[in-house]
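Have a look at the structure first, then read on.

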Amino acid sequence: MKIEEKLAQDVILCIQSLYGQEVPASMVQLQKTKKEFEGHLTLVVFPFLKISRKKPEQTAQEIGEYLQQNTNVVSKFNVIKGFLNLTIDSAAWIELLNGIHSNENYGIQQADENSPLVMIEYSSPNTNKPLHLGHVRNNLLGVSLANIVAANGNKVVKTNIVNDRGIHICKSMLAWLKWGNGETPESSGKKGDHLIGDYYVAFDKHFRAEVKELQAKYMAEGMEEEAAKTLAEKNSPLMQEAHDMLVKWEQGDPEIRGLWSTMNEWVYAGFDETYKALGVTFDKIYYESNTYLEGKDKVQEGLDKGFFYRKEDNSVWADLTAEGLDHKLLLRGDGTSVYMTQDIGTAKLRFQDYPINKMIYVVGNEQNYHFQVLSILLDKLGFEWGKDLVHFSYGMVELPNGKMKSREGTVVDADDLVEKMVSDAKQMSADKINKLTNITEEEANEIARVVGLGALKYFILKVDPRKNMLFNPEESIDFNGNTGPFIQYTYARIRSVLRKAAEAGLTIPEAIASHVELSEKEESLIQMLSDFASTVRAAGADYSPSTIANYCYDLTKEFNQFYHDYSILREEDEQKKIFRLVLSANVAKIIRLGMGLLGIEVPERM
């Protein structure tokens with residue numbers, strides 16, 4: 001039991017004993033004591049004044065005296081106006097540490113057969129280009145969110161919807177047919193997603209040249225510049241060919257479908273390599289080419305039930321003015337679907353596959369309105385979780401030199417980014433790695449991989465997901481400050497201390513004797529360790545990986561101050577030495593668990 005829980009029970013008994021009245025647990029307000037005052041926990045006395053019928057100072061004094069005399073938790077207290085600052089007895093801290101020490105997965109709740117099932121969608125790539133930095137943030141948020149939701153006792157299904165159809169796919173296909181000369185991933189030595197991405201960029205390059213030429217022609221005929229550009233884009237033969245290809249795809253043309261299938265397989269093989277490098281996995285992958293027809297069926301169902309309406313041009317719409325929104329297009333006049341149709345169809349298939357209690361979509365904040373509409377439509381169509389779906393809306397990743405543009409080939413490629421982070425980690429940690437004894441090149445490379453990816457993941461996940469962020473690779477890989485390598489290095493340092501202790505014949509006991517005298521720094525560390533459970537709960541309630549990330553940093557910073565001020569292996573008092581080893585081992589354990597929730601590995605040596 002946490003000290004706060006035990007103390008809250010004691011306060012309830014205290015009020016009953018002193019003033020003869022039972023109070024609910026919600027009335028007991030305990031908070032961490034402010035640093036400028038002595039004590040660990042502060043009780044807010046004001047809620048009890050109507051019961052005590054005394055001034056705040058006198059009420060606090062009476063409660064403090066009772067707790068000091070009648071519990072084994074409070075060793076002393078002080079009163080500041082209506083606040084009772086309580087100093088917790090060392091034995092209570094040690095009892096708390098023993099509880100943490102005995103639980104290998106402290107703070108993590110396991111799901112059981114009755115737990116809610118939460119489905120989390122993330123990644124959602126297009127098959128016309130490789131994954132880039134924006135996808136990296138999406139995937140890292142999705143994985144960490146899935147881990148955190150699972151750590152709060154939920155069953156979790158991790159899912160992906162691949163946007164594998166549409167005009168953007170046809171652009172890459174057409175460019176490959178025109179200028180590819182039969183090039184394949186094998187013949188070029190390129191990953192499949194990179195190869196297809198190159199042809200998407202090539203299409204845009206030729207399209208712009210074509211538009212520029214047509215625009216000049218129309219302007220020479222006396223047309224205004226903007227009107228000439230609009231007409232040139234509309235009349236582009238290249239774009240018309242891409243549209244014709246899309247129509248053939250929709251009609252099931254075997255040649256177009258065959259090429260589409262082949263090129264998509266190249267892309268999926270490339271995606272799989274990137275996902276593996278990032279540590280990203282899915283339980284189920286859906287494809288838009290399979291879900292859009294299901295969506296059209298559900299739209300027809302909504303039309304039959306009077307939820308939607310058809311315009312004269314044959315397009316189908318939803319009237320959402322009663323919900324304070326506008327009219328939303330669901331099917332175009334020619335019968336083709338839009339993104340909303342696909343999302344409805346995907347929801348239908350998912351609901352058939354799993355008994356979903358809650359659905360979380362990890363999608364950028366430019367889609368806020370889309371998910372507001374989707375929630376209403378799914379609710380109208382009878383999906384139990386529709387009304388309460390969660391759009392985990394996150395901000396964009398920006399670079400020091402501006403935004404990314406896929407068509408122009410100016411994105412930060414995910415594969416290049418991972419390779420650079422690992423390379424930089426190897427270079428920056430070379431002096432540390434070289435000091436390690438009996439290290440092989442294979443182990444050195446593995447440390448560089450763990451540190452480089454840890455730097456990337458932590459830098460992205462420590463930021464409040466709702467905010468836009470500026471990604472700076474050099475800043476992320478620093479071994480000092482609020483970075484992944486700083487936390488990883490501290491973990492490796494503790495593991496080194498524990499190995500040296502084992503070599504000296506010291507064993508970690510199952511429990512520590514309760515009469516060890518503790519310093520304030522040691523008590524503070526135990527208090528921080530106990531906070532991990534509530535931090536995991538808070539991160540789950542707020543869908544906030546950054547809460548876990550910043551907790552790990554604060555714990556690491558606190559331990560490093562302790563490590564600087566107190567000896568562990570050189571401590572002469574044997575009981576204090578054993579206590580500090582147990583304390584250090586549990587700091588390492590919580591760092592490993594916390595970073596694990598973020599999808600970040602921690603190295604045993606560094």
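A charge counts as sitting over a ring if NZ of Lys or CZ of Arg is within 6 Å of the ring centre and within 35 degrees of the ring normal. Arg257 does this with Trp249, lying over the ring face at 3.7 Å from the centre. Lys311 puts its charged end over the ring of Trp317, 3.9 Å from the centre.

A word on the ground rules: this is a predicted model, where local features need pLDDT of at least 70, side-chain atom pairs need pLDDT 80 or more, and totals for chains, interfaces and linings use all residues. Numbering starts from 1 along each chain as its sequence is written, and side-chain values use heavy atoms, with hydrogens and water left out.

Now for ring against ring. Rings of Phe, Tyr and Trp (its six-membered ring) pair if their centres lie within 6.5 Å; planes under 30 degrees apart are stacked, over 60 edge-to-face, and the rest tilted. There are 19 such aromatic pairs, and here are two of them:

| Pair | Centre distance | Plane angle | Type |
|---|---|---|---|
| Phe383 and Trp385 | 5.8 Å | 45° | tilted |
| Phe459 and Phe471 | 5.6 Å | 85° | edge-to-face |

Phe459 sits in helix 17 (residues 441-461) and Phe471 in the loop between strand 14 (469-470) and helix 18 (473-476), so this pair ties together parts twelve residues apart in sequence. Helices (H or I, at least four residues) and strands (E, at least two) are DSSP runs, numbered from the N terminus.

Phe459 is buried at 6%, and Phe471 is buried at 1%. Phe383 is buried at 5%, as is Trp385 at 2%. Elsewhere, ring pairs link Tyr122, Phe271, Tyr275 and Phe282 into a cluster.

On to the strands. Strand 11 (residues 358-364) has six of its seven residues buried. Two strands pair if DSSP finds at least two bridges between them. Strand 11 pairs in the parallel sense with strand 5 (residues 117-121) over four bridges, with Tyr361 as the bridge partner of Glu121. Strand 11 also runs parallel to strand 12 (residues 390-394), joined by five bridges; there Ile360 stands opposite Val390.

Definitions and conventions: Buried means under 20% relative accessible area, exposed over 50%, partly exposed in between (1.4 Å probe, protein chains only).
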